[in-house]
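Reader: Please place the model before us, so that its side chains, its chain interface and its confidence may be discussed in turn.

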Amino acid sequence: MMINWVEKIRNALTYTFLGVMAFLSLFPFGWMVISATNTSTDVTKGKLSFGSALFSNIGKFAEQFNIGLIFWNSAKVAILGTLFTLLVSSLAGYGFEVFRSRARERLYQGLLLTMMIPFAALMIPLFILMASADMLDTHAGVILPLISSAYIIFYFRQSTKAFPGELRDAARVDGLKEWQIFLFVYVPVMRSTYAAAFIIVFMMFWNSFLWPLIVLQSPEMKTITLVLSSMGSAYFPDFGVIMVATVMATLPTLVVFFAMQRQFVQGMLGSIK
Amino acid sequence: MGQAARPASRRFYDINGWCFVSAALALIAAFMVYPICQSLWMSLHSGQGTVTEFVGLGNIGRLTSDPIFIKALSNTFVFLIVQVPIMIVLALVMASCLNMPNLKAKGIIRTIIFLPCVTSLVAYSVLFKSMFSYDGVINSTLAYLGLISEPIPWLSDPFWAKVVIIIAVTWRWTGYNMIFYLAAMQNIDKSIYEAARIDGISAFRRFISITIPMLKPVILFTTVTSTIGTLQLFDEAMNITSGGPSDSTLTLSLYIYNLSFKFVPNFGYAATVSYVIVILVAILAFIQFYAARERE
């Protein structure tokens, strides 16, 4: 009897605690969606019910900014950046794991050290470098320095350990060149590894802020995070319009997350295995 | 075996090996190694824009007498000391709740609590800025519940502005850390818990004497990564409070940004400040490495 009661109370407490936490997690999302339908005055007054200003908010947003272009800029940076990162990092991860040598092993150790370098320490020299290469205010200038990620190389190398060596040997016997083995055997076999890395890197690029803020200056180059930030820091921010922009900035990552949730968590945990 | 079959095996390995890794190495060299060295060289110079002179270690002297730098450094430490422990404990408790064997709706709750990690730092910062405005939803809800008699000046008071940043960062990252704990907890052998239960050890004691020790490596990993993340805090401070009021939420990264791109640029001094972060991160990474080694 006693045990039963203790158990029940504990269960009730656990559910209450998790319920409160889940509510707190979700509340800002609800607030974002509700506020997108309200006028700026209502948002700053904390109105908690749906309003009728959604279309006027979207209209005002479209009036001030070229929404399509902003989205195109963000998508371009995120997709190209992700593809290049996956290509370069998986080649390197494969190369370090399959073709081992003492020299490359040393370089790999050094490479892992670069994971510790904080971006703040790189941004000024990178800015000067980009200025001298005449790449300021270009999307290539945003993408290029962010491609080289020791973390993703490490992730691919760890995953390559699970790639069966017999497949490689069989392909060699069949006369495939090494790059062909990589492209036609390794890539298809490792597609779930690629999927996991894709999500992590895509989100990193889509959400990137500090480096694009430094590189991109003209309005027609800016990505959604930059536009959102400048709207939020305006002297009289229009919060209704801002919420529409926030929903638009969050939606793609939410979609990617829900479509590939399992791979996302797998990719995240890949770093500690 | 395959190796022995090829006479030119070593050369074959080397050529292919270098081909596969060269692109990554070139990029790392150009965009990581070169800038970090350049940064060190720049930190020995001072001046405005491109007109600089060699000052040797002069910038370090300037650091110690720069009240804004000291403010930014102490803010960063306040964020660290308050936020990281709150988040780690919260994530641990949530993970152990979610790890209870006969809990219903486990998957949904886990997904909901993880959801904040998907938002961009800028988007949620702007969101929090609107929620914590003077007449905003947080103040009106607290007033409605009778918890406060007058609105809290969240964003205009130095103390409360720090609180908002801490709440915001905790909201964004707790679920992220929880996932690591949950994964580690699922690797703990269930029979240990069973044995402890049979011995009549309470749930709380099981958490303290089984779960925590078993999770020590993961807790260390998340603590170090969270600390490194907090040392680099930028997006939130920039977008929620712009470092204000009166520099009370200024972080080191934001100060570096201001020194380089907002005020009259002094790249040399900014590089010196950035090396403070480098050194702090290096110390932390060293601690993690050392602790991980001790384990083995």
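Author: In this predicted model, A:E105 has a relative accessibility of 25%. Buried residues lie under 20% and exposed ones over 50%, so at 25% A:E105 counts as partly exposed.

Reader: With which residue does A:E105 form a salt bridge?

Author: The closest N and O atoms of the pair are 3.1 Å apart, and the cut-off is 4 Å. The partner of A:E105 is A:R157.

Reader: How many residues apart in sequence are the parts that this pair ties together?

Author: A:E105 belongs to helix 5 (residues 102–113) of chain A, and A:R157 belongs to helix 8 (residues 150–160) of chain A.

Reader: Is A:R157 buried or exposed?

Author: The limit for a buried residue is under 20% relative accessible area. A:R157 has 4%, so A:R157 is buried.

Reader: Which residue forms a salt bridge with A:R100, and is that partner buried or exposed?

Author: A:R100 is partly exposed, with a relative accessible area of 48%. Its closest N and O atoms to A:E97 are 2.6 Å apart in a salt bridge.

Reader: What is the N to O distance in the salt bridge of A:E178 and A:R172?

Author: A:E178 is buried at a relative accessible area of 6%, and A:R172 is buried at 14%. Their side chains meet in a salt bridge whose N to O distance is 2.8 Å.

Reader: Which residues are joined into one network by salt bridges that share partners?

Author: Over all chains the rule counts seven salt bridges. Those that share partners join into one network A:E97, A:R100, A:E105, A:R157 and A:K161.

Reader: Which residues of chain B are in contact with A:E178, its neighbours within four places in sequence left aside?

Author: A:E178 is found in helix 10 (residues 178–189) of chain A. With those neighbours left aside, its contacts in chain A are A:F99 and A:R172. Its contacts in chain B are B:F12, B:N16 and B:F20.

Reader: What area do chain A and chain B bury between them?

Author: The contact involves 88 residues of chain A and 82 residues of chain B. Carbon and sulfur atoms carry 80% of the buried area. The area buried between the two chains is about 7,500 Å².

Reader: How many residue pairs are in polar contact across the interface of chain A and chain B?

Author: The count of salt bridges between chain A and chain B is zero. With both residues at pLDDT 80 or more, the residue pairs in polar contact across this interface number nine.

Reader: Which element gives the largest share of the side of chain A that touches chain B?

Author: That side of chain A divides into 63 nonpolar, 19 polar and six charged residues. Its largest share is 16 residues, and they come from helix 1 (residues 2–35) of chain A.

Reader: Which residues of chain A are in contact with B:L103?

Author: B:L103 is placed in the loop between helix 3 (67–98) and helix 4 (106–114) of chain B. B:L103 is buried, with a relative accessible area of 9%. Leaving aside neighbours within four places in sequence, B:L103 is in contact with B:C97 and B:L98 in chain B. In chain A, B:L103 is in contact with A:T14, A:Y15 and A:L18.

Reader: Which residue with positive phi follows helix 6 of chain B?

Author: Helix 6 covers residues 137–144 of chain B, and B:V137, B:I138 and B:N139 are buried in it. Phi is near 75° at the residue that follows this helix, B:G146.

Reader: Over which residues of chain B does pLDDT stay under 50?

Author: Chain B averages a pLDDT of 85, and 96% of its residues score at least 70. For the stretch under 50, the model has two contacts beyond four places in sequence. Where pLDDT is low, the predicted coordinates should not be read in detail. The stretch in question is residues 1–5 of chain B.

Reader: In which element of chain A is confidence lowest?

Author: The mean pLDDT of chain A is 87, with 97% of its residues at 70 or more. Confidence in chain A is highest in helix 4 (residues 67–98), at 93. Confidence is lowest, at a mean of 75, in helix 15 (residues 261–269) of chain A.

Reader: What ipTM does the model score?

Author: The pTM of the model is 0.87. Its ipTM is 0.85.

Conventions: Residues are numbered from 1 along each chain as its sequence is written. Chains are lettered from A and ligands numbered from 1 in the order in which they are written. Side-chain values use heavy atoms; hydrogens and water are left out. Contact means heavy atoms within 4.5 Å. Buried area is the accessible area (1.4 Å probe) that two parts lose on being put together, summed over both. A polar contact is a pair of N or O atoms within 3.5 Å; within protein, one must be able to donate a hydrogen and the other to accept it, and residues adjacent in sequence count only if both atoms are side-chain atoms. Helices (H or I, at least four residues) and strands (E, at least two) are DSSP runs, numbered from the N terminus. Ala, Val, Leu, Ile, Met, Phe, Trp, Tyr, Cys and Pro count as nonpolar, Asp, Glu, Lys and Arg as charged, and the others, Gly among them, as polar. Buried means under 20% relative accessible area, exposed over 50%, partly exposed in between (1.4 Å probe, protein chains only). pLDDT is the predictor's confidence in each residue, from 0 to 100.
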